[in-house]
Amino acid sequence: MESELRSNPCCTSTSFDRMSRMAVDGDHNWDGRWSHVQKFLERPGPFTHPDFEPSTDSLQFLFDTCKVLVIGAGGLGCELLKDLALSGFRNIHVVDMDTIDLSNLNRQFLFRLKDVGRPKADVAADFINSRIPGSNVVPHYKKIQEFDESFYKQFHIIVCGLDSIIARRWMNGMLISLLSYKAGRLDPSSIIPLIDGGTEGFKGNARVILPGMTACIDCTLELYPPQINFPMCTIASMPRLPEHCIEYARILQWPKDKPFGETSLDGDNPEHIQWVFERAQERAAEFNITGVTYRLTQGVVKRIIPAVASTNAVIAAACASEVFKIATSAYMPLNNYLVFNDVDGLYTYTFEAERKENCSACSQVPQDLQFSPSAKLQEVLEYLTGHASLQMKSPAITTTLEGKNKTLYLQSIKSIEERTRPNLCKTLKELGLSDGQELAVADVTTPQTVLFKLNFTT
């Protein structure tokens, strides 16, 4: 169903500055300050949600009760925090694991030069709280994986402004794990809506996910652009681009030299990026290649896609509008995917992404794995990482044999990886697996263990 987006009740950056100056001066209760929000909440209309009841108490609900979690305080996150705070939401938490880099300042407008090196979440929260009276933005300088279920259960709505598909999938899995069922039916009170926004240059999208009811992130993995990879032979023997030199340092030199011991390469650690940058420069000089810079190194290691401030503003406004709609029932929410493109002119449309019956994240049944008994475990691993609907990163495969749990392969812990590596060359039959055997697979893309059922083919 095509959905019409209501004009976002948030202010423009110009009016934001005006309101902020007035707030600083202490005049933050001027007549009509919240009239733009009250128009939506205190009068009926032909396009309101069927459950909507005009009330003067609705704005107070936004002020005092509704809790929103914003994940990411970067390009989208800064816009989201501003939009939500100026729409009446006061109880906002923001999670971000990054610190501010000089390159962020051209579009992440809550930050200043003096803030470089500080946590994004802390600075963004301080800025909003100081400029918009009544706001209570609580920062969390952590990874989303460091919080347990009780943390996420406290929020009415979660909105994501992430640049990582892995983080999106993990958050999607967390909200699905919070769902409860009574007599086989989904309990609506356990649903926490997820609003997800994403940008890529002059393109962007916004979507509304009701876990257990609508298509989830994993239902539509095929929509995400494939990651750019360079042939290993080019990286190792015939580099032609600065990116080839960076990938050589990242993929081949890092595990060989172990500059920081057994520590994995962390794209958010400046020391790690500096080491890769210097090795890439050496590689580039050897082959007379120019163009290796620290910023490019960071972009290649972290798979960063160039961001455009105007795209961030549009997508954040769309996401904030959806948060407002769901929190107030003032209008039917987006159903359920908005696409925005202003590469050549301006183009936008909506469509309904449909749930997949066999989605590995939100379906309630084990996924089928069709393999011959003579297939090797390596083939199963390649299927889990390479199939478009799964795209796992480092799956750990376990099963139950003779009443005992057995780890077939685990990559993340070196000692266990070395011990289980020989299993990759064994056939499923040699491993003692049988038709109908259940495999439990853990991966960084989800907080849940995904169950698969082996179906042997002849």
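The structure is a predicted model, and its residues are numbered from 1 along each chain. It holds 14 aromatic pairs, and one of them, formed by Phe277 and Tyr294, is described in some detail below.

**Aromatic pairs**

- A pair of aromatic rings is described by the distance of the centres and the angle of the planes.
- In the pair of Phe277 and Tyr294, the rings are 6.0 Å apart from centre to centre, with 80 degrees between their planes, and the pair counts as edge-to-face because that angle is over 60 degrees.
- Phe277 belongs to helix α10 (residues 270–286) and Tyr294 to helix α11 (residues 294–302), so this pair ties together parts that lie 17 residues apart in sequence.
- Phe277 is buried, with a relative accessibility of 13%, whereas Tyr294 is partly exposed, with a relative accessibility of 27%.
- Elsewhere, Phe147, Phe151, Tyr152, Phe155 and Trp170 are linked into a cluster by ring pairs.

**Charges over rings**

- The ring of Phe63 has the charged end of Arg90 sitting over it, at 3.8 Å from the ring centre.
- The ring of Trp275 has the charged end of Arg279 sitting over it, at 5.1 Å from the ring centre.

**A nonpolar surface patch**

- Leu102, Leu113 and Val116 together make a nonpolar surface patch of about 300 Å².
- Leu113, one of these residues, is found in the loop between β2 (91–95) and α5 (120–131).
- Leu113 has a relative accessible area of 62%, and it counts as exposed because this value is over 50%.

Conventions
This is a predicted model: local features need pLDDT of at least 70, side-chain atom pairs count only at pLDDT 80 or more; totals for chains, interfaces and linings use all residues. Side-chain values use heavy atoms; hydrogens and water are left out. Patches are made of residues with over 30% relative accessible area and no salt bridge: like charges are joined within 9 Å, nonpolar side chains (Val, Leu, Ile, Met, Phe, Trp, Tyr) within 5 Å. Accessible areas come from the Shrake-Rupley method with a 1.4 Å probe; for residues, only the protein chains shown count as cover. A salt bridge is a side-chain nitrogen of Lys or Arg within 4 Å of a carboxyl oxygen of Asp or Glu. Helices (H or I, at least four residues) and strands (E, at least two) are DSSP runs, numbered from the N terminus. Buried means under 20% relative accessible area, exposed over 50%, partly exposed in between (1.4 Å probe, protein chains only). Rings of Phe, Tyr and Trp (its six-membered ring) pair if their centres lie within 6.5 Å; planes under 30 degrees apart count as stacked, over 60 as edge-to-face and the rest as tilted. A charge sits over a ring if NZ of Lys or CZ of Arg is within 6 Å of the ring centre and within 35 degrees of the ring normal.
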